[in-house]
Amino acid sequence: MGTAFSIRKAMDKEFVKDRLAELLADRNFVSIRAVFAGLAPADTAEVIAEFESAEKVALFRLLPGELATEIFGYFPLEVQEALLRAMGDEGAAALLEDMSSDDRTALLEELPTPVCARLVEALSPEERAIALRLLDYPEESIGRLMTSEYLTLRDEWTAAEVLEHIRKHGRDRETLNVLYVVDSHGKLLDDLRIREVLLCPLETKVRDLRNGVMISLNATDDRETAVAAFRKHHRTVLPVVDRQGGLVGIVTGDDILGVAEEEATEDIQKLGGVEQLDEPYLDISLGRLIRKRAVWLVILFVGEMLTATAMGHYENEIERAAVLAIFVPLIISSGGNSGSQAASLIIRAMAIGEVGLREWWRVMRREILCGLALGLILGVIGVIRISVWSTFSDIYGPHWPLLAATVGVSLVGVVLWGSLSGSMLPFLLRRFGLDPATSSAPFVATLVDVTGLVIYFAAAQAILRGTLL
């Protein structure tokens, strides 16, 4: 009765966690297995990950072998590493033996080299060969993501032979939705949907089902290429070939979702002026968190020193017209904000393939028009603000119309410059082979702060000469 109740409440993670903790304290292992039987594998992994290290190991050991392998793939890497250490090399190798090759590669590449070498050596010869082959690909390549668990067909087979082949060899494959046609040398010829085989007469040959439209990835391409291909072609799985066109693996949608999340997280962190965190925020050590944030903060601090230098250069103007200093934060923040907006838009457009290097001129034209329009909007608001305040007080003195004109013109110039610099900097970085996300919002804002002061005081010297200056 109690077990059934816990299963019905399986969606409540805290309830399940408390129930498992209670059963574990009572050493009621039968009821623990019954609770796990009522949970989806991903939910089971999420609940177990909430426990302390020793309890994690105890709960994981209670899982049936085949289910344990499936659930292990849903754990975060740091939990997987902790469990492997607790299991010892023999138990860890047995678990890795049954894992899908892509998940196993993702885990092995995170382990220290000696540990990785020991575990690979403990694998069966067949799995060891697969593991070494995948680990031999560049770290950020598609080859590290692929799995060898797929089915291949031959042109001369009939639909009946294909179905028999699926029944015999399809049980442990990653997917059966798509089947791959290869020649006698393993070269990829085409892919077939299982639906096409199921709906055709049994005597139909595979060659008659092929349409010749084939989309594949290269094993040495970077992961962003795979993300773009999945997005463009709306696929759930894609084949991976070597330079000779030979089929070497497949990449599935779940792996691509993980890569897309990692790439988006990295870009967002860089946009915020932080080095990429290699671990979840709450798991990374305080020392490493400080180091990753300190680097950019120091760079930005040094950059802001140039703002102080620029202010010092216009010290005489500020002394003669102290009212100019009131609008300095307004001017430089407006430029920084417009630059940050433009940088964020272009970086994201580049990341999802909307904008390439060749479109830099089109982007520049749009940002010139956009910067002018936005600058005019802010400029008009600034002029109205000064005009209204001057109607009821003499805070800006008798020359407030000229001061309003200075602020209005400066805002147009600074916002225009911010939009241009924020949009063009990602192109410049991409041109030199760097990550456009490095042109973070804080970095652009710091750059525009300095130039914004120059624009502001240059406008003041031109407009206020002979009056306040």
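This is a predicted model: local features need pLDDT of at least 70, side-chain atom pairs count only at pLDDT 80 or more; totals for chains, interfaces and linings use all residues.

Analyst: K17 lies over the face of F51, 6.0 Å from the ring centre; a charge counts as over a ring if NZ of Lys or CZ of Arg is within 6 Å of the ring centre and within 35 degrees of the ring normal. Residues are numbered from 1 along each chain as its sequence is written, and side-chain values use heavy atoms, with hydrogens and water left out.

A search of the whole structure gives six aromatic pairs (Phe, Tyr and Trp rings, the last by its six-membered ring, with centres within 6.5 Å; planes under 30 degrees apart are stacked, over 60 edge-to-face, the rest tilted). The ring centres of Y150 and Y180 are 6.2 Å apart and the planes stand at 90°, so this pair is edge-to-face. It links distant parts of the chain, 30 residues apart: Y150 is in the loop between α10 (125-135) and β1 (152-153), and Y180 is in strand β2 (residues 178-182). (Helices, H or I of at least four residues, and strands, E of at least two, are DSSP runs numbered from the N terminus.) Y150 and Y180 are both buried, meaning under 20% relative accessible area with a 1.4 Å probe, protein chains only. Y456 and F457 make a tilted pair, with 5.2 Å centre to centre and 50° between the planes. Y456 is buried because its relative accessibility is 0%, and F457 is buried at 0% too. Finally, F60, F72 and F75 form one aromatic cluster.

Technical notes
Buried means under 20% relative accessible area, exposed over 50%, partly exposed in between (1.4 Å probe, protein chains only).
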